[in-house]
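Below are some notes for a colleague who has the sequence and the coordinates open side by side. The points may be read in any order.

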Amino acid sequence: LRRSGPTLLGDDMNVSFEFFPPRSGDMESQLWESVMRLAPFGPDFVSVTYGAGGTTRQPTLATVKRLLAETDLAPAAHLTCVNASKDDVDAVAREFWEAGVRHFVALRGDSPDGIGSAYRPHKDGYRNAAELVAGLKAFADFEITVSAYPEKHPESPDFMTDIDMLKRKVDNGATRAITQFFFDNDSYERYVERVRRAGIYVPIVPGILPVHNFSQVAKFADLCGASIPDWLATRFEGLEQDPQTRSLVAAAVAADQVMDLVERGVQDFHFYTMNRAQLVYAICHLLGLRAPKGNGTVTTATAA
Ligand code: FAD
């Protein structure tokens with residue numbers, strides 16, 4: 001971490017947190033502990049993922065409903081069009097709208113045969129996220145966030161095709177994109193330059209993944225086209241049986257990445273929390289956010 005790092009910004013920072021719906025009672029407790037620990041940072045929104053193949057429609061809805069009932073956080077529900085006709089998507093949109101959801105993270109999703117298998121749209125469904133965005137916007141005036149891929153999506157033959165899809169999503173009504181996780185900030189910066197040159201001006205919010213388990217992240221990165229720099233592998237080398245040191249290294253890696261992005265002018269961050277608060281809490285603290293005891297609002301650090 002740079003000793004003479006950027007002045008901490010606090011007030012100018014916008015953060016959002018991503019959670020996944022729990023699959024057991026224990027996971028439910030872990031999720032809510034994490035939500036309550038991070039809530040005082042005053043995130044712009046908290047998002048709840050949608051299981052591969054639409055498998056978590058009810059758990060996603062239940063989690064979002066609980067967020068609405070028990071917190072003052074603004075939830076965003078992820079939604080995919082995998083295995084769904086346009087009517088199915090409308091039915092989901094209606095259910096979420098009636099529950100009070102006004103913000104979707106709209107995604108095409110992956111083939112039910114697994115990431116990397118050829119995607120086949122439902123015969124009466126949306127073919128990609130751009131069509132889904134248009135469908136949701138036609139249904140109601142939802143706020144729509146979409147995905148972006150600093151190292152391009154593995155199915156995109158080149159960056160032009162990839163960014164063209166992002167443009168279609170924005171043209172159809174998306175007002176923010178969150179990136180796939182990445183570890184090379186240069187690739188993010190180059191991507192944002194390309195996106196701006198293509199005439200896309202919505203925020204491209206970096207998705208930050210704290211590395212709780214390096215080998216899992218490496219496997220997942222391989223599937224979704226994110227690269228793992230050699231230096232990252234080296235930092236976690238030999239720590240397979242040492243979770244405590246791994247966690248310290250993970251905090252240092254994520255803090256370094258985020259503070260470098262701040263130096264490059266980034267003020268919005270989305271955190272893939274994996275339903276764990278500790279690392280994300282530490283990084284938000286480094287960003288200058290403060291969660292005071294008591295009233296649950298957030299203050300700003302004054303010292304760099
Ligand atoms: P799109 O935006 O439709 O397409 C992605 C890219 O693929 C495009 O840039 C396009 O160039 C290329 N492409 C698509 N189709 C073609 C084609 N026919 N020919 C050539 N190129 C093509 N998945 C879940 O299941 N649940 C979630 O909750 C979830 N949340 C996510 C949140 C974020 C922030 C991100 C980045 C990803 C998330 N995903 C989730 C993963 C996502 O579903 C996959 O990455 C999926 O493969 C693509 O979905 P998309 O919406 O990005 O697709």
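1. Strand β5 (residues 143-148) and β6 run parallel, joined by four bridges, and within this pairing T145 stands opposite R176 in β6. Please keep in mind throughout that the model is predicted. Together with helix α5, the strands β5 and β6 make up a β-α-β unit, and this unit is right-handed. From β6 the chain then crosses through helix α6 (residues 185-197) to β7, again in a β-α-β crossover that is right-handed.

2. On the β7 side, β6 is joined to strand β7 (residues 204-205) by two bridges, and these strands also run parallel; here A177 of β6 is the residue that stands opposite I204 in β7.

3. Which way do the residues of strand β6 point? R176 and I178 point one way from β6 (residues 176-179), while A177 and T179 point the other way, and all are buried. In a regular strand, side chains alternate between the two faces of the sheet.

4. The shell around the ligand consists of 23 residues, with T49, H78, R108, N128 and H153 as the closest. The elements that contribute two or more residues to this shell are β3 (75-80), β4 (103-107) and α5 (159-171), and helix α5 supplies the largest share, namely three residues. By class, the shell divides into eleven polar, eight nonpolar and four charged residues.

5. The largest nonpolar core holds 81 residues, and those with the most contacts inside it are F104, A106, V133 and V258. Helix α9 (residues 243-263) gives the largest share of this core, six residues. For V133, if residues up to four places away in sequence are left out, the residues it touches are A106, I144, V146, K169, N172, G173 and A174.

6. Leaving out residues up to four places away in sequence, P21 touches V48, T56, P59, T60 and T63. P21 and L31 are ten residues apart in sequence, and the C-alpha to C-alpha separation of P21 and L31 is 8.0 Å.

Terms used
Residues numbered from 1 in each chain as written. Predicted model: local features only at pLDDT ≥ 70, side-chain atom pairs only at ≥ 80, totals over all residues. Core = buried A, V, L, I, M, F, W, Y, C linked by C-beta atoms within 7 Å. Buried ≥ 20, exposed ≤ 12 C-beta atoms within 10 Å, placed from the backbone. Contact = placed C-beta atoms within 7 Å. Near = placed C-beta within 6 Å. Nonpolar A, V, L, I, M, F, W, Y, C, P; charged D, E, K, R; others polar. Pairing = 2+ DSSP bridges. Right-handed = clockwise from strand over helix to strand, strands pointing away.
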